[in-house]
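Please look at the sequence and the 3D structure below. The report that follows goes through a few parts of it in turn.

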2 protein chains.
Amino acid sequence: MANGYTINNSEHQRICVVMVGLPARGKSLMAQKIVRYLSWLSIKAKSFNVGSYRRLEEAHPSAEFFDIHNTEGERMRLQAAKLAVKDMMEWFEEEQGIVGILDATNSTKKRREWIRQLLAEHDIEPFFVESWCDDKELIMNNIMDVKTSSPDYVGQDPEEAAKDFMERIKKYEEVYETLDDQELTYVKIINISTQVVINRIQSYLQSRIVYYVMNLHIKRRCIWLSRHGESEYNLTGKLGGDSSLSPRGQLYAEKLPQLVRDAVGDRPLTVWTSTLKRTQQTAKYLPYPKLHWKALDELDAGVCDGMTYEEIERDFPEDFEARDKNKYEYRYRGGESYRDVVARLEPIIMELERQENIMIVTHQAVLRCIYAYFMNVPQDRSPWMVVPLHTLIQLEPRPYSTAETRVPANIPAVSTYREKGTSTLDK
Amino acid sequence: MANGYTINNSEHQRICVVMVGLPARGKSLMAQKIVRYLSWLSIKAKSFNVGSYRRLEEAHPSAEFFDIHNTEGERMRLQAAKLAVKDMMEWFEEEQGIVGILDATNSTKKRREWIRQLLAEHDIEPFFVESWCDDKELIMNNIMDVKTSSPDYVGQDPEEAAKDFMERIKKYEEVYETLDDQELTYVKIINISTQVVINRIQSYLQSRIVYYVMNLHIKRRCIWLSRHGESEYNLTGKLGGDSSLSPRGQLYAEKLPQLVRDAVGDRPLTVWTSTLKRTQQTAKYLPYPKLHWKALDELDAGVCDGMTYEEIERDFPEDFEARDKNKYEYRYRGGESYRDVVARLEPIIMELERQENIMIVTHQAVLRCIYAYFMNVPQDRSPWMVVPLHTLIQLEPRPYSTAETRVPANIPAVSTYREKGTSTLDK
C-alpha cells in the first residue's frame, strides 16, 4: 500500500545522506540510527562506512597516515571512498535502495564536491548531515567509549590508542571545512542538537530524517517494556476487546511495582499505557506519572475482534492463511496490519527518542513493533516474536547496540503465542 | 485523556512564542497559523498583536512615528507592548493558556531581554521565533498583498501606503538585531524556510511548533475535499463498514473528473484517498497520481460498526446520549472519538502544509476534522457540521483566511446527517 512514507518512493526519489564531521563526532552512530529508523518504516536504507574499506588495505594505520601531506595515505583514503561509493551505487541499482548513507569524515569542500558530482551523474539527491561539536567533554567521552575499541586499535593499549586518535583528529582539524554552501541541502547538528541549522530541505523524506536526527540525544537511559497482565480474553483465547485482568493478571499488576523498583532504582520514570483497561489495570500500582496513548492500543483485528484463532481459521480460512503467509502486511478486514501499527507508532518512537527513562505497558503486537525498532528485527520475523506475558523487558540503548534483560515475574499465564504455519483446528 | 500533546500540560508548561522580525516578514501570518494549528490539537493558544494595541492610541501613524529617535513614538510603542503583555499574562492565569504569542517586531536585544525577564517572573518559557527575509520580491509581495490593506492605512492610496510602509521598515532596519544569543531558545526562519536555525529546543511542544513552522510555505495553491459517493451502507443508514458505491455513488464517481477539471484546470494535482473501497471507487476515474492513507479511514465506530443510528439508540441508549452531549470527546467502545481522529490526522495536516494542490476523497468525520483545521471551526461545532454527499469543496488558503467554494454535482443522495439532540427512534 502507498502511504506517506512512499510518496517519495513512487517518485523514484533516491537520497544519499553524506555524513560530514571530524572523527569522534558520533557520525557512525547517527548513520546507523537513521538506517534502523528508515528500515523500520520499510524504507530501504544502508550505511557504507569508508573506514572499513580503508582498513582492507591498511588495518592499523598510525595518526601519520591521516596527515593531508601524506600523499600515500591520501591516495589510499580516496581509494577507500571510491570503493564505498561504487558499492553504494550498485546497491541503489540492484537492490532498489532509497537512502544510502556515506559514512566518512568528508571534511573538505573538494571531497564533498566530488561526491556531489558523482551523485548528480546517477540522479541521486545529495543530503549532507554534519555533526559538529566543540564540547571537549563530549568528544573525550566518545573517544573513550567507542573509538579505543575501534577495529583500528584492536589489541592496543587504550591510553595509547586514545592519544594516537587525538593526533589523528588534529590532522583532520587542519583541513576541516564546515558546511556553509547555501546551494546544498544540508542539516548541521551542533553539539548534539543544542543548535541545528537546516538548509534547503525539500522532500518529505529529507524532512523526516531531519526531524529524527534533531530529536536524538546521547544521555544514558533505559526503556522498560511489558505486556499487560493476563486478561479475561487471554484465558478464552479471544483477540482484541477491552476485557479486565484475570486473577493472575491482577497478581502481576500487584507484583510489578517491586519488579520495576528493582530495575529502575531511584531514577525518574514515566509510565505509558494504552487507553485499554488491561494496560491501565496492570500499571495501576506503579507509583510514577502516567500517560495514556491511543497509539499504544492493540492491533485492531477488525471483524475478527473478539474471536479466537480457531474461529478465525474456521470462519475466514482464506484470511487465516493470508495472514500466516505475510503477517506483517496482512490487514484484518476493517482492521489493521503490522505495517499500519508501525505507521501509528512512529510519533511514539520519536517521542521515545526525545525522552529519558520510560516504561511502556502495552499489547503483544504493539510491543513487538516497538521492540523491533530498538533491536532491529526485520519485518518477516518481528510479527512472530515470542513476547511472554508477566515479564519485564529492559532495553538499554548503547552506541551500536541495545542491551536487553528479561525479568520474569514467575506468575503463570496462558500462552497467547501461535507459531507460524500451525493450525489451531488440529488441537 | 492524556496524550502526547498534553504531556506538557500535565507538567504545567506555559510557553510564550515571541515573534521577531522586521515588518512585512509574515510574522502575523505565522502567529495566526500556529494558533490555528495548536487550537485544532486542543492546545489553548492565543496571539496578542502589539500593533492593534498601539493603534488604540495612534490610529494612522506615519513612518516618522517608528523612528527610534522619536521618543514620543517609542514611548507609545513600549506602552502598547506593555498592554499586550499584560493581557497575555491575564489570559495565561484566568483562562489556563498554554501557548501565548506576542506578535510584534521585537527587533532589539533590549526589548527581548525586557520580555524574557517579565516571562521569567511569571514562570513562562520564552520561545523566540524569528522570520528573517532579504528576498526583495518576497517582501514586496507581502507589502502589496497584506500591508497596504492594514488597519494603519485604511482609506489611503495604496501606492502612498506602500511607500510610507517601506519608510517605516527602514526605521526598523536601522536598529534591528537578529537572534544570535546562544542561551535563548529560538528558531530562525530564513527566507521562508530556505534555511532554518534551531537553538536550544527542549520540550515536545516547542519541537512540534518548530516542525510545523518549518513545513509552511506561501505558494498559492488549493485543496479540494470530497466525501466518497453514496455507498450501499449510506442507503441503509449503516455506519462504518467497507461497502461499495451505490448506483448514484457510481454516477458521482463518473462525473467527478469533469467537476475536478473545471476547478483545477491544468494545475498539477495529487489525489489522496483512504484505504476503504468507497473512496477509491470514487476517485477511480480521476486522471491524477493517487495515494491511499490509512489515516484517512473513517472514524472507527468500534462495537457500533455496521449499526444504524436507530439501532445504537435502541441497544446503547447511554452511549447515544453521551455522544450527543459531547460528540468531540465521545469514544465509541472499542473505537474512536473525534479527538482520536484529529490525533491521527496530524501527520496528514503536516504533509498538506508541505504540498501544493491536493484533492482528498474521504469520509464524513475525517473531512469535518480536516475542514475544521483550515476553517478554524471550534470543537463544539466541527462534529456537527453539514458536509453533503456529491459535492466538491474547494479551499484556497490566503493570508489570514481560507476562501471556500462548494460545487454540487447535482446527483441526488441520501442525507447522512443527524442533527444534535434529535432521536432516530421518533421517526
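## A buried serine in a loop

In this predicted model, Ser107(A) sits in the loop that runs between β3 (99-103) and α5 (109-121) of chain A. Its relative accessibility is 7%, under the 20% limit, so Ser107(A) counts as buried.

Leaving aside residues up to four places away in sequence, Ser107(A) touches Arg112(A), Tyr172(A), Val175(A), Tyr176(A) and Glu177(A). Glu130(A) is 23 residues from Ser107(A) in sequence, and the C-alpha atoms of the two are 9.5 Å apart in space.

## The sheet with strands from both chains

Strand β3(A) belongs to an open sheet of 12 strands with mixed pairing. The order is β2(A)-β3(A)-β1(A)-β4(A)-β5(A)-β6(A)-β6(B)-β5(B)-β4(B)-β1(B)-β3(B)-β2(B). At the edges stand β2 (45-49) of chain A and β2 (45-49) of chain B; each has a single partner strand, so one side of each is left without a neighbour in the sheet. From one strand to the next, the twist averages 15°.

Within chain A, strand β4 (residues 125-132) and strand β5 (residues 186-190) run parallel and are joined by five bridges. Val129(A) stands opposite Val187(A) of β5(A). Helix α5(A) lies across β1 (15-20), β3 and β4 of chain A, at about 175° to β1(A).

## The six-stranded sheet of chain A

Another open sheet is formed by six strands of chain A, in the order β9-β8-β10-β7-β11-β12, and its pairing is mixed. Here β9 (290-292) and β12 (401-408) of chain A stand at the edges; each has a single partner strand, so one side of each is left without a neighbour in the sheet. The twist averages 20° from one strand to the next.

Strand β7 (residues 223-227) and strand β11 (residues 391-398) of chain A run antiparallel, with three bridges between them. Ile393(A) in β11(A) is the bridge partner of Leu225(A).

Helix α14 (residues 338-354) of chain A lies across β7, β8 (270-273) and β10 (358-362) of chain A, at about 175° to β8(A). Helix α15 (residues 364-375) of chain A lies across β7, β10, β11 and β12 of chain A, and runs at about 155° to β7(A).

## A nonpolar surface patch

Which residues form a nonpolar patch on the surface? They are Met140(A), Met144(A) and Met166(A), which together have about 240 Å² of accessible area.

Met144(A) is part of helix α6 (residues 136-145) of chain A. Because its relative accessibility is 41%, Met144(A) counts as partly exposed.

Conventions
Residues numbered from 1 in each chain as written. Chains lettered and ligands numbered in written order. Predicted model: local features only at pLDDT ≥ 70, side-chain atom pairs only at ≥ 80, totals over all residues. Heavy atoms only, no water. Patch = residues over 30% accessible without salt bridge, like charges linked within 9 Å, V, L, I, M, F, W, Y side chains within 5 Å. Areas by Shrake-Rupley, 256 points an atom, 1.4 Å probe, with all protein chains shown as cover. Salt bridge = Lys/Arg side-chain N within 4 Å of Asp/Glu carboxyl O. Helix = DSSP H or I, 4+ residues; strand = E, 2+ residues; numbered from the N terminus. Buried < 20%, exposed > 50% of the residue type's maximum accessible area, 1.4 Å probe, protein only. Pairing = 2+ DSSP bridges. Axes fitted to C-alpha atoms, helices over the stretch in contact; angles between N-to-C directions. Contact = heavy atoms within 4.5 Å.
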